[in-house]
Amino acid sequence: MSGTPISLFVGNTAILEISLVDVLTDSAVNAATVAVTLTDISGVELAGDTWPKTLSYVSGSEGIYRALLSSNVDMEEGANYLYVATASAAGMDSRWSGDVNAVRRSF
């Protein structure tokens, strides 16, 4: 399954957030192991943070997982990167990926 493209600001701390829902029961998944990795187009992990990055469940959120991405992640403005996310819960393993666009924050 292909994920939604995301944009990240070069040189900024970012919040990575994933919402998990069991599609069979339409209920939130609140007890999963969730991780994400950022790579260049050829699959090499980006310098400046530790991968895979574990996302923690946000207490009381109904399926939301979050992690902070370091402002030191080595991205160039205008370049394209990839993310790969994984989630594992009782009887469920999911993997998806998508494009990451590196943009400069402006006023």
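Residues are numbered from 1 along each chain as its sequence is written. In this predicted model, local features need pLDDT of at least 70, side-chain atom pairs count only at pLDDT 80 or more, and totals for chains, interfaces and linings use all residues, while side-chain values use heavy atoms, with hydrogens and water left out.

Student: What is the strand order in the open sheet?
Tutor: Strands (E, at least two residues) are DSSP runs, numbered from the N terminus. Two strands pair if DSSP finds at least two bridges between them. The open sheet has 7 strands with mixed pairing, and its order is E1-E9-E8-E5-E6-E7-E2.

Student: Which are the edge strands?
Tutor: An edge strand here pairs on one side only. That holds for strand E1 (6–9) and E2.

Student: How many bridges join E2 to E7?
Tutor: These two strands run antiparallel. Ile18 stands opposite Tyr65 in E7. The number of bridges joining E2 to E7 is 6.

Student: Which residue in E6 stands opposite Val34?
Tutor: E5 and strand E6 (residues 53–57) run antiparallel, joined by 3 bridges. Contact means heavy atoms within 4.5 Å. Leaving aside neighbours within four places in sequence, Val34 is in contact with residues including Ile18, Leu20 and Leu55. The residue opposite Val34 in E6 is Leu55.

Student: Is Thr39 buried or exposed?
Tutor: Buried means under 20% relative accessible area, exposed over 50%, partly exposed in between (1.4 Å probe, protein chains only). Thr39 lies in strand E5 (residues 33–39). Its relative accessible area is 9%, so Thr39 is buried.

Student: What is the relative accessible area of Thr37?
Tutor: Thr37 is also placed in strand E5. Not counting residues up to four places away in sequence, Thr37 touches Glu45, Trp51, Pro52, Leu82, Tyr83 and Val84. Thr37 is buried, and its relative accessible area is 15%.

Student: Which residue takes a positive phi in the hairpin of E6 and E7?
Tutor: E6 and E7 run antiparallel, joined by 2 bridges. Their hairpin has 6 residues between the strands. The residue with a positive phi, near 75 degrees, is Gly60.

How values were computed
Helices (H or I, at least four residues) and strands (E, at least two) are DSSP runs, numbered from the N terminus.
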